[in-house]
Amino acid sequence: MKPIPSAFSLGIRRGNLEIRQFARQRESVVFTLLFPVILLAIFGSVFKDTIAPGVTFSQYFLAGMIASGLVNTGFQALAITIPLERDFGALKRLRGTPMPASSYFIGKAILIFVSMVIQILLLLGFGILFFGVELPTDINKWITFTWLVLLGSACSTALGIAFSIVPKSGRGASAVVSPIVIILQFFSGVFFVFTQLPSWMQQVASIFPLKWLTQGMRSVFLPDSFASQEVAKSWETGKTVVILLVWLAIGIFFSVRKFKWDRD
Amino acid sequence: MSLIEVKGLKKSYGDTHAVRGVDLEIAQGEIFSLLGPNGAGKTTTVEILEGFRTRDSGTVSVLGFDPQTRGHESRQWRNRIGIVLQSSADAGDLTVLETIDHFSGYYSNPRAVDEVIHSVGLIEKENALIRTLSGGQRRRLDVALGIIGNPELLFLDEPTTGFDPEARRSFWALIQKLRSDGTTILLTTHYLDEAEALADRVAVINNGVIIEVSTPAELGGRATSQATVAWRDGEIIKSELSDNPTELVATLSSRFGGEVPELVVSRPSLEDIYLEMIGGTHETNS
């Protein structure tokens, strides 16, 4: 008899299916992909100040929106949709097939990565056209950007899957998850300049990945001279990698050990 | 050869003893139906066999494998079974064809997708989005996903709930065809006529134990129980319980000089027997 398909090839298959399903839900496509662009349009139009020589608030905010997009399309979307899939019985049905859990997770990671890339392109395009954002020319900045997106979306995916065990039902999931994300955005320097926040907020934010992702994105999209304006007077690139890796490990651990396929 | 072997199976949830020592043997190629009221331990037993729940004690072998084992062996085992769960409402934005085709990719030796769509009668709906299907059509899709992997053993949980009579008949024909292809089927159902039409053997479970295992015709002494003979005698319908209904009919026939008006000979239905069986032990539970 032929061997059963590998977990990886089934993961790719799941990813294709997830993208197809996502693309057919027009409301969620519009909400997930365009909402950050709308926010950028609003904040960019209201706050036109220059926060440092050669750095506008729109640029600062764009970096934050790209970072928080990683949290929105990954963590938030998964922690809300997985409990719904569980309520519908979809997860239990999958559990009854030879498809392994890892394929399901890989499929989600593919979906998140693809929607993330689309969202980043929209944000960048919009920022360049309307808010005078300039793309970095230094190749090193693009390298930083690439690993930030890869590590950030992996981290966000793993934590979203792990957090999906928290909401008791699909209906209540949004009420549990959304406030956490919004508060994190306020604390992590997405809507406000991070150094202007009270120091206790800064300290709380420093525990979570979003603060490090926003700071990382600033290191890509703001001039290097701005590093001296950060709390640590530097971009703290090494520390960012370590903290994201720790959260990725935590996310994977709980996803693998605690994932719930069934309501009870 | 037994495909499923269960000995001394027990499972409790806190103080509730859902399953209190179940023994079962299901042979290869048979349709075996598990009957029992809600809360009798039916679902728990089946979910343990399906590998969805762990047991407290006892031994369980399904296709020679312990369902609560995890890891790669479990994938090999799931490759050989099919499960049709009670309800699911997922993937409304995919078409019937896309969904069945996707699931076929999970198995090493799946059935042909178009053949499966044909056998569950969803040909005209194959390009319809799942959320546009009726309840009965959705149920047939569930069955299609259960059999796409060409399973040796199929679990069917309340498969025809919400079907109209015609759809049920064509569904029964499908199940009988699967059996004739060699698939062993474990059917749980609330419909006694369904068990009677399909099952080779039935087991009645109540209060966490199996009360009886038998063929539908013989359950609860049904085959040897007294028959009711009824006929019209002038203005009234008469009926009589008899151990020897043939003799009684012959007597009546000679009395009426041939044809007995409105003659009916009946034995208790499976439902009568079943209700009697679970009724006797039901009060102690509630």
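Mentor: We begin with the word contact, which means heavy atoms within 4.5 Å. The model before us is predicted, with local features needing pLDDT of at least 70 and side-chain atom pairs counting only at pLDDT 80 or more, while totals for chains, interfaces and linings use all residues. Residues are numbered from 1 along each chain as its sequence is written, chains are lettered from A and ligands numbered from 1 in the order in which they are written, and side-chain values use heavy atoms, with hydrogens and water left out.

Trainee: Which residues does Ser214(B) touch, not counting residues up to four places away in sequence?

Mentor: Ser214(B) touches Arg201(B), Val202(B) and Leu219(B).

Trainee: What makes Ser214(B) count as buried?

Mentor: Buried means under 20% relative accessible area, exposed means over 50%, and partly exposed lies in between, with a 1.4 Å probe and protein chains only. The relative accessible area of Ser214(B) is 10%, so Ser214(B) is called buried. This residue is found in strand 9 (residues 209–214) of chain B, where a strand is a DSSP run of E with at least two residues and a helix a run of H or I with at least four, both numbered from the N terminus.

Trainee: How do you know that Lys42(B) and Glu158(B) form a salt bridge?

Mentor: A salt bridge is a side-chain nitrogen of Lys or Arg within 4 Å of a carboxyl oxygen of Asp or Glu. The closest N and O atoms of Lys42(B) and Glu158(B) are 3.9 Å apart, so the pair meets the rule. Lys42(B) is in helix 1 (residues 42–49) of chain B and Glu158(B) in the loop between strand 6 (153–157) and helix 6 (165–180), so that the pair, 116 residues apart, links distant parts of the chain. Both Lys42(B) and Glu158(B) are buried.

Trainee: Why is the pair of Asp262(A) and Lys92(A) said to tie together parts of chain A?

Mentor: The side chains of Asp262(A) and Lys92(A) meet in a salt bridge at 3.4 Å, N to O. Asp262(A) lies in the segment after helix 10 (237–258) and Lys92(A) in helix 4, so the bridge ties together parts that are 170 residues apart in sequence. Asp262(A) and Lys92(A) are both buried.

Trainee: What does the pair of Glu230(A) and Arg218(A) look like when set against the salt-bridge rule?

Mentor: Their closest N and O atoms are 2.7 Å apart, and they form a salt bridge. Because Glu230(A) lies in the loop between helix 9 (209–221) and helix 10 and Arg218(A) in helix 9, the pair ties together parts that are 12 residues apart in sequence. Glu230(A) and Arg218(A) are each buried.

Trainee: How many salt bridges does the rule find across the interface of chain A and chain B?

Mentor: The rule finds 4 there, and one salt bridge between the chains joins Arg24(A) to Glu98(B), with N and O atoms 2.7 Å apart at the closest. Helix 1 (7–24) and helix 4 (90–95) of chain A each supply at least two residues of the side of chain A that touches chain B, and helix 1 gives the most, with 8 residues.

Trainee: What makes up the area that chain A and chain B bury between them?

Mentor: Buried area is the accessible area (1.4 Å probe) that two parts lose on being put together, summed over both. For chain A and chain B the value is about 2,800 Å², with 56% of it on carbon and sulfur atoms. Ile4(A), Arg93(A) and Pro98(A) supply 25% of the area that chain A buries against chain B, more than any other three residues. The contact takes 28 residues from chain A and 31 residues from chain B.
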